Amino acid sequence: MFEFPEGLEEKLNRASTILESNDKFRIITHYDADGISASAVLTRSLMKVQAGFHTSFVESFPENIPEGLPLLFTDIGNSHLDQISRVEEDVIVLDHHDIKSDKKREIEDEKKIVINPHEYGIDGAQEVSGGTLALLLAVWFDNVNWEEAVYGLAGAAADKQAVDGFTGLNKKLAEKAAEEGYLEERTDLFIDGKGIKEALMKACDPYFPGISGERKEIKSILKDLDIDPESNLKSIGQEKKRELASLLVLSLLKKRRPAELVESIRGVHYRSRYHSLDTDRLYKILNSCARNNRPGLGLSLCLGDENALEEAKEIRDGYRTEMVEKLDDLEEKMETYDHIQYFYEEEKTRKGELAGLGMLYLLPLDKPVFGLVKVDDEIDISARATREMVNKGLDLGELCSKISERVGGTGGGHDIAAGARIKKDKIDRFLESMNKEVAAVLD
Ligand SMILES: [Mn+2]
């Protein structure tokens, strides 16, 4: 297929043997969009060989691993190999999260296969996701599964691995799927909605500061450009589309967004030739399902359920409206230390996305963002950085793990996106320590 790092092919072969030699599986996947996409790739592939499946979406690793069926862990599992090594069944772990501590990285058991990209020099934060790892195994298992590429890549896009275009293994998979005729590569302005006015009213990702959700502003922009607010992007022609794109880009430049983000507004999208889906649109729909605690709905639409797709689109519409409103208020809610910025949010399921979108489209780029939510006597924290901060050596996953541990909590995640949970009365200490640690790296 393409050149693989040593050892990876052998793992994929062994994993394929497990898929071949069983006819029913239990998929345990992370409940976010990438986790849904990974389960969709595997489920769709397994259905073709008449294998049965049972899928569970979990927020964190299950305390008791259900037994009785071979287990497929997707987008989760790398940091729980001790527990996994104790089950009787065949197991495949397809997780791209790096392990920060000195925990076990491998299981010495023929029946347990751990495919951790970091062990092969592949950056799991940027170059491969749960969805694309599942795709890799699926196409290794059977070539016909290239048709599932749109689902796998949607997972990578959901994990923010396509902001600057796909790279690494994601890119290889996308290009190969395009070459095989399963995906079509398109470079274009991309905002989705029934009409342009509606698309801009609900544009939260990308979010255009000063335009998104601003009815009057949108009306006047479209009037100036002589664009019918009810028309769609396809129908207005290249010239008008370019003019509109320039204005949208300008709103981002005013907020000093980096060039690659601005470019991505007119970026590359992969459209499936078979399922009339776009990686970009699909991941956003799956994101809305996940963020509204409906991961099962996301999987159903991936399995071709039209009603599920319609319902998910409605959820996404409501979600976008809500996020645009929250982004609109975000700047006012921000509080800062010298080297970090943070905000309190009411809804647990919104803070991560809000921190991420804020970091990307709106907030000052010199400080990582922390979204905080009070849950009983604890505070749940989502942290987001920029790629540039990470390049300077910032690792939020490591810091969240280290500092939360210091104050008796838990934490971890990726270098660019991480989280923690600590007791309420420890929040000042957490933020102060974080401020110091970030200063040590970025100053
Ligand atoms: Mn993931």
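In which sense do β12 and strand β13 (residues 417–423) pair, and over how many bridges? The two strands pair in the antiparallel sense, over 4 bridges. This pairing belongs to a predicted model of a protein with 17 helices and 13 strands. The domain assignment divides the protein into domain 1 (8–181), domain 2 (196–321) and domain 3 (334–442).

**Overall dimensions**

- The radius of gyration of the protein is 22 Å, close to the 22 Å that the globule rule gives for 443 residues, so the protein is as compact as a globular protein of that length.
- Along the principal axes, the C-alpha atoms fill a box of roughly 65 × 55 × 35 Å.
- Of the 443 residues, 47% count as buried.
- Among contacts with a separation of 6 or more, 63% come from residues 24 or more positions apart.

**The mixed sheet with β12 and β13**

- An open sheet is formed by 6 strands in the order β8-β9-β10-β11-β13-β12, and its pairing is mixed.
- The edges of this sheet are β8 (335–336) and β12 (410–413); each has a single partner strand, so one side of each is left without a neighbour in the sheet.
- Within the pairing of β12 and β13, Gly-412 stands opposite Gly-419 in β13.
- Helix α14 (residues 348–361) lies across β10 (369–375), β11 (378–384) and β13. The helix runs at about 170° to β10.

**The parallel sheet**

- A further open sheet consists of 5 strands in the order β2-β1-β3-β4-β5, with parallel pairing.
- β2 and β5 (112–115) stand at its edges; because each has a single partner strand, one side of each is left without a neighbour in the sheet.
- From one strand to the next, the twist averages 15°.
- Strand β1 (residues 24–30) pairs with strand β3 (residues 71–74) in the parallel sense over 4 bridges. Ile-28 has Phe-73, in β3, as its bridge partner.
- α2 packs on the sheet and touches β1, β2, β3 and β4 (91–94), its direction making about 165° with that of β1.
- Helix α4 (residues 130–141) also packs on the sheet, touching β1, β3, β4 and β5. The direction of α4 makes about 130° with that of β4.

**Contact between domain 1 and domain 2**

- The centres of domain 1 and domain 2, taken over C-alpha atoms, are separated by 29 Å.
- Across this boundary, 24 residues of domain 1 are in contact with 25 residues of domain 2.
- On the domain 1 side, the elements that give two or more residues are α2 (33–48), β2 (52–58), α5 (149–158) and α6 (168–179).
- By class, the side of domain 1 that touches domain 2 has 14 nonpolar, 6 polar and 4 charged residues.

- Leu-394 lies in the loop between α15 (387–391) and α16 (396–406).
- Leu-394 is buried, because 20 other C-beta atoms lie within 10 Å and the cut-off for a buried residue is 20 or more.
- Leaving aside neighbours within four places in sequence, Leu-394 is in contact with Pro-368, Ala-385, Met-389, Asp-415, Val-438, Val-441 and Leu-442.
- Leu-394 and Thr-167 are 227 residues apart in sequence, and their C-alpha atoms are 20 Å apart in space.

How values were computed: Residues numbered from 1 in each chain as written. Predicted model: local features only at pLDDT ≥ 70, side-chain atom pairs only at ≥ 80, totals over all residues. Domains from an automatic or database assignment. Contact = placed C-beta atoms within 7 Å. Nonpolar A, V, L, I, M, F, W, Y, C, P; charged D, E, K, R; others polar. Buried ≥ 20, exposed ≤ 12 C-beta atoms within 10 Å, placed from the backbone. Rg over C-alpha atoms; globule rule 2.2 N^0.38 Å. Pairing = 2+ DSSP bridges. Axes fitted to C-alpha atoms, helices over the stretch in contact; angles between N-to-C directions.
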